[in-house]
Amino acid sequence: MASHTASHTASHTVDDTVLAGFRGGLAGDVITPGDRDYDEARTLFNAMIDRRPAVVARCETARDVAEAIRFGRENGLEIAVRGGGHGVAGMALVDGGLVVDLRRMHAVTVDPRARTARVGGGATMSRLDRATEPYGLATTGGRVSTTGVGGFVLGGGAGWLDRKFGLASDNLLEVELVTADGDTVRASEDENPELFWALHGGGGNFGVATSFTLRLHPLPVVTAALLLWPPEAGPDVVRVYRDFLEAAPDEVGGGVIHMTAPPEDFVPGDMVGRLACGVLITYAGETQEMRDVAEPVLGLSPDAEMATECSYADLQCLFDDPPGYRNYWSAEYLGSFPDPAVDRFCARAADLIVPSPSQHVLFPQGGAVARGPAHYPIPWRRAPWVVHPFGLWEDPADDERGRRWVRDARADVEPWSIGAVYLNFIGREGEDRLVAGFGPDNHRRLAEVKARYDPENVFHFNHNIEPA
């Protein structure tokens, strides 16, 4: 068993002299309880998470990261790693331990000739997208601008462009990683290839990723269209959408989103604040092309319609999740989506907390996702459909209701599930779900990589793979 277990419930205080030495040796800052910006340093996207680390190391360099890891280990502190802080389970924070905070390591360097970007481990999607935008280049990012690049890519990385350009990890060319021993290693197809394999879906189990090199693709413009209907139209709309997507070109992304209709100019007043069935169409191209391709859905006479042509960086900001809400999410990856599944999916939307930013989502996969490298530990790539109940609400009194809705939404479509799941979409759901995120054979192989790079399981605040 990993050696960290004894310290799980312990809270540590660090000797002031030792702490002063750590502060003096770091290019970045060290934050402890009582410091003015301590609360900001421990605030995450998910307002359900309220943890009090003993030390937050705001690292500025890979050397800082190595020093922080050594400091944490020498002082018996459990270690959590914060990139974007966007993970729903809140594993970027640890009570009484050390947080290695990468947010200052956010530089993005674009090589337009090579069509690559080198991205700091603490960068958000917005920094990556804004850096590539002037060159008309992009790569698959998360579906909002606030997602951290690191956790997103290491978990596999599904987004609006994945049907066109593949998953984010399919575009991963190199990773710089600081190990549990404080060593800096590089992983690519040619250098430490087994570690490189593990970083395609294995998450933060193997070290602290301080930079990523990603492949970019030409993408001068995208189009986004949001169409809304009353919820009773849902089953018919979803069937048409399903049939449309199964023959749609790879340029089409988006999804079905049951949601609270927003107070926007294009939404009729009597819909605002009420449950609606929405279809979001993202298209890697111009608006007229999108309209020609998506005519089957556009022809369903939506009660509200918005279409905009913009840069990919602007598209990423259109649907940013508001911070400060309580979050609970899950997902099921489906091998098929027949009419009975459509009916169950639509009926469950009635239990959505309305009004709230919660979304009951159906995402398509296929395209470049399905055609991507089959040998990586990403068994969910072969599923054509994803049901993703995405709960956000404000009032703690809604916690049980919100959690129950998410669990019920999963259960509704479980008969069509392939079993595998994208771990970035879920919190802690038990060992069986963890193994399903990688596949049993991949999980065993990942445990061997873990044993080589982190034999003592120092990095266990994640969807943890114990060393073999």
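1. Basis. The model is predicted, so local features are taken at pLDDT of at least 70 and side-chain atom pairs at pLDDT 80 or more, while totals for chains, interfaces and linings use all residues. Residues are numbered from 1 along each chain as its sequence is written, and side-chain values use heavy atoms, with hydrogens and water left out.

2. Five-stranded sheet. Five strands form an open sheet with antiparallel pairing, in the order β5-β6-β10-β8-β9. Strands here are DSSP runs of E with at least two residues, helices are runs of H or I with at least four, and both are numbered from the N terminus; two strands pair if DSSP finds at least two bridges between them. The edges are β5 (108-111) and β9 (184-187), each of which pairs on one side only. From one strand to the next the twist averages 15°; axes are lines fitted to C-alpha atoms, for helices over the stretch in contact, and angles run from 0 to 180 degrees between N-to-C directions. Strand β8 (residues 172-178) is joined to β9 by four bridges in the antiparallel sense, and Glu 176 has Arg 186 in β9 as its bridge partner.

3. Helices on that sheet. Helix α3 (residues 62-74) packs on the sheet and touches β8 and β10 (208-215), with its direction at about 45° to that of β8. Contact means heavy atoms within 4.5 Å. Helix α4 (residues 125-132) lies across β5, β6 (116-120) and β10, and runs at about 30° to β5.

4. Four-stranded sheet. Another open sheet has four strands in the order β1-β2-β4-β3, with mixed pairing. Its edge strands are β1 (29-31) and β3 (79-82), each pairing on one side only, and the twist averages 20° from one strand to the next. Strands β2 (residues 55-58) and β4 (residues 98-101) run parallel and are joined by four bridges; Arg 58 has Asp 101 in β4 as its bridge partner.

5. Strand β19. Why is strand β19 said to be largely enclosed by the rest of the structure? Nine of the nine residues of β19 (residues 385-393) are buried, so the strand is largely enclosed. Buried means under 20% relative accessible area, exposed over 50%, and partly exposed in between (1.4 Å probe, protein chains only). Trp 385, Val 387, Pro 389, Gly 391 and Trp 393 point one way, Val 386, His 388, Phe 390 and Leu 392 the other, and all are buried.

6. Partners of β19. Strand β16 (residues 326-329) pairs with β19 in the antiparallel sense over four bridges, with Trp 393 as the bridge partner of Arg 326. Strand β17 (residues 332-334) runs antiparallel to β19 and is joined to it by three bridges, and β18 (residues 359-364), also antiparallel to β19, is joined to it by six. Val 386 in β19 stands opposite Tyr 333 and also opposite Phe 363.

7. Nonpolar cores. The largest nonpolar core has 76 residues, and Leu 195, Leu 228 and Tyr 333 have the most contacts inside it. Such a core is a set of buried Ala, Val, Leu, Ile, Met, Phe, Trp, Tyr and Cys residues joined through side-chain atoms within 4.5 Å. Leaving aside neighbours within four places in sequence, Leu 195 is in contact with Leu 177, Val 185, Ala 187, Phe 206, Val 449 and Tyr 453. A second, separate core of 30 residues includes Phe 244, Leu 334, Val 342 and Phe 345.

8. Cavities. The whole structure contains two cavities of 30 Å³ or more. On a 1 Å grid over the protein atoms alone, a cavity is a set of points where a 1.4 Å probe fits but cannot get out; a pocket is an open set with protein on both sides within 12 Å along at least five of seven lines, and lining residues have an atom within 4 Å of a point. Grid points are joined across faces, edges and corners, and a volume is the space filled by probe spheres set on the points. The largest cavity has a volume of about 40 Å³; its lining includes Trp 160, Lys 164, Asp 250, Glu 251 and Tyr 283.

9. Second largest pocket. This pocket has a volume of about 320 Å³. Of its 20 lining residues, Arg 428, Leu 434, Asn 462, His 463 and Asn 464 lie nearest its centre. Helix α15 (residues 431-438) gives the most to the lining, with three residues.

10. Asp 265. Asp 265 is in the loop between β13 (252-260) and β14 (275-283), and counts as exposed because its relative accessibility is 84%. The C-alpha atoms of Asp 265 and Ala 304 are separated by 9.5 Å, with the two residues 39 apart along the chain.
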